[in-house]
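Student: Hey, could you walk me through this one? I'd like to start with how the chains meet.

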Amino acid sequence: MDLNYTPQQNAFRAEVRSWLEANVPKQPLEHYDATREGFEAHRQWEATLKSGDWGMVTWPKEYGGRGVDLIQWLIFEEEYYRAGAPGRVNQNGIFLLGPTLMEFGTHEQKQRFLPPMAAGEEIWAQAWSEPQAGSDLAGIRATAQRAKNANGDDEYVLNGHKIWSSRGAFADWAFGLFREPGSERHKGTSLIFFRLDQPGVTRNPIRKINGHPGFAEIFLEDVRVPAFNRLGDEGQGWHICMATAGFERGLMLRSPARYQAAAAKLAALWQARKVNSRDAGADPVLEADVIRAFMNAEAYALSIYQTASRLIAGAKIGPEASTNKIFWSELDIHLHRTALAILGEEAELLPSAARLAAGDPDWLDDYIFSLAGPIYAGSNEIQRNIIAERMLGLPR
Amino acid sequence: MDFTLSDEQLMFADTTRTLLGDTCTPEHWRKMMEQDVAFDAARWATLAENGFTVLMLPENAGGLGLAELDMALIAVEAGYVALPEPLTESAGVAMPMLAALAPDHSLLADPKAIVAIAPAINPVVAYADQAAAILIERGGRTFLAQREDVTLVAAPTIDPLRRVFRLEWESTRAEDLGPADWGLAQDRAALFAAAQGLGLAQRSVDLAVAYAKERTQFGKPIGSYQAVKHHLSSAQVAIEFARPVVLAAAAGIGAQDTYSRARVSHAKLVALEAADQAARAAIQVHGGMGYSWEVDVHLFLKRTLALTGAWGTPAHHRGRVAARLLSRPTGPDQTFAREAANA
Ligand SMILES: Cc1cc2nc3c(=O)[nH]c(=O)nc-3n(C[C@H](O)[C@H](O)[C@H](O)COP(=O)(O)OP(=O)(O)OC[C@H]3O[C@@H](n4cnc5c(N)ncnc54)[C@H](O)[C@@H]3O)c2cc1C
């Protein structure tokens, strides 16, 4: 164990920092879920990142990355959040599908899909959930029927109804989970890509509780895609989805820097209010919560450094990924509730555009978003089941 | 940057687990409680023979010259068996301090010797009855008093496998060893308490898991019920996010700055909270059995209680985290920050 950065790692940090200082937009962008303009502004930012080869640093150079290891990815993320850079509109692509493609994709698929993903030219949505299949994902009904096109090439014809697809309202592509007609549960499933603007696809934005069209429901009617769009073998869909979920829960979806940046802002908020607000300043419970939020963010960071080091040493992500998902989602809610408690009588007020432009966090909107954490990426109840059954060995 | 344990460290932890698992079993606990003792001389001799008591002594003093991280791994295993003997406090804290103050002291030559330690921060001294001598903090100085030159007044504690004493002594009947690094000693002790907390917590979960697989109600093992599962999953989450803090605190303890102290405090807080959560969950999962003396879970609850208050209360440790948080730079790039780098 050596908890010191190497000179190369420090140099990498310095490089990231100076690039971000020169390139991060001075004014915050409109949220990518709020409007098409906000979405496209974020796409533009992805292109800027790509121009500096920062799209996804862990990928090999030929796919638009820098071929660096997970520790450097963490350093990149730390600098990214430190700089207050825009949210990653393509997180479904770079953090979920990307690593999965890297593991299960053919060389041709990687060449076709990864570079435009790293550049933000193709932005991805995840289309797994269905109205009748949420926690019980193996209950999906959407089908992929084998067929031939006019030239005799293998195709799939997709039919079904997907829902809660994040970024689905504006994204270009989706990776969906489908089943062979007549198959059941985990068997006969395949992971298949389709374009969200292709014939037969209808998408209806769904408003989130903050009012933004942050996700969509997607109807597929005889949507034809080449067999090339299937990731992994036919019938291997469930297995691949679980690997994706491992990356999602265990490492990439929520980098610790996100919470450390928020905890630092919370500490600053607390210090300002302690002096200026009679109520907040006299409440020792608030300070204990601020300390707790800081410790949680630190613990999460240390745990991810540990995971990253283990993966570099050749280990694989296992069911302990479920402990991660519970920890970050719960710490996020606690942190934001603490912020609102400190804001006190002002907590209900929407922040003014001027304050957001000045770099103030949007505590209220971030709090509302934190409430989704225990639901998406597999609800926390499901994660607790997984821990009990696969880590602790309790009976089903 | 490499947050992994070495193969030797993993092997060492494994050996320790086996050795302690064999020599400190539920039968041993029960026999000791029956006999109303909290020290097993045979086990202590085995620990000494296997080098555990000289682990942190410098090599030129006959020790193994290992670091806090190695001792912390042992402490986890000590917690897992609720080890009654003062392995971490004597071999992990007192002996290294004595070696730093008086490298030629005759006590250092005896691997079986126990030295108790009495910092100003603790109102009672643990295990003093088994000690050859006691290191005492007074006014920034350090005194070494022989066991027979002090009066020990037993202070009954709830933990049946732990003994603590109030100490009456006079500086005229003790050796004045001058100023010592009590800050380091306290950090080490808090760290090892945290590491024991991890072991205590895991044992509570493991005991409850074993019971939940066997005990049936309504025709099914109780471990198949989700309410039972979720108690234990939540405890396991707490353990998983205390462990890396303990390891990082151990690896960084040498810096002895605001950052390293805060990390030790963080470790102590969350590891013993995990132990507390796990012990209470385990009692609940055992039902009426969990409330009985017959089931061993209470030992883990009680040791947790003892270690939570010893070597700095939670309030003390929260204060040290607050000092770091509110007086030093924070943010995503500060996870491994040190004083020197910020100077
Ligand atoms: C903000 C957000 C973004 C999302 N993004 C996407 C996306 O991009 N792509 C996508 O495919 N999906 C997405 N989802 C959907 C998400 O994965 C599902 O909402 C989630 O899996 C839960 O499924 P459900 O909504 O059908 O709830 P249900 O499965 O009906 O669950 C309802 C409640 O019952 C509980 N429950 C269900 N089964 C059990 C059980 N066995 N034991 C204990 N409790 C149980 C759940 O924990 C939950 O509390 C998103 C959801 C949200 C909120």
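Student: So what's the area buried between chain B and chain A?
Tutor: About 4600 Å² is buried between chain B and chain A, and carbon and sulfur atoms give 69% of that. Buried area here is the accessible area (1.4 Å probe) that two parts lose on being put together, summed over both. This is a predicted model, where local features need pLDDT of at least 70 and side-chain atom pairs count only at pLDDT 80 or more, while totals for chains, interfaces and linings use all residues. Residues are numbered from 1 along each chain as its sequence is written, chains are lettered from A and ligands numbered from 1 in the order in which they are written, and side-chain values use heavy atoms, with hydrogens and water left out.

Student: Which three residues supply more of the area that chain B buries than any other three?
Tutor: Those are B:Met1, B:Phe241 and B:Pro332, which supply 18% of the area that chain B buries against chain A.

Student: And how many residues does the contact take from each chain?
Tutor: Chain B gives 46 residues and chain A gives 54 residues. Contact means heavy atoms within 4.5 Å.

Student: What about polar contacts, how many residue pairs between chain B and chain A?
Tutor: There are 21 residue pairs in polar contact between chain B and chain A, both residues at pLDDT 80 or more. A polar contact is a pair of N or O atoms within 3.5 Å; within protein, one must be able to donate a hydrogen and the other to accept it, and residues adjacent in sequence count only if both atoms are side-chain atoms.

Student: Which helix of chain B gives the largest share of the side that touches chain A?
Tutor: H7(B) does, with nine residues. Helices are DSSP runs (H or I, at least four residues), strands are too (E, at least two), and both are numbered from the N terminus.

Student: OK, new topic. How many salt bridges are there over all chains?
Tutor: The search of the whole structure gives 42, and across the interface of chain B and chain A there are five. The rule wants a side-chain nitrogen of Lys or Arg within 4 Å of a carboxyl oxygen of Asp or Glu.

Student: How accessible is A:Arg185?
Tutor: A:Arg185 is partly exposed, at 39% relative accessible area, and A:Asp136 is also at 39%. Buried means under 20% relative accessible area, exposed over 50%, and partly exposed in between (1.4 Å probe, protein chains only).

Student: Last one: is A:Asn296 buried or exposed?
Tutor: A:Asn296 is buried, with a relative accessible area of 14%. That residue is in helix H9 (residues 284-312) of chain A. Leaving out residues up to four places away in sequence, A:Asn296 touches A:Phe327, A:Leu331 and A:His334.
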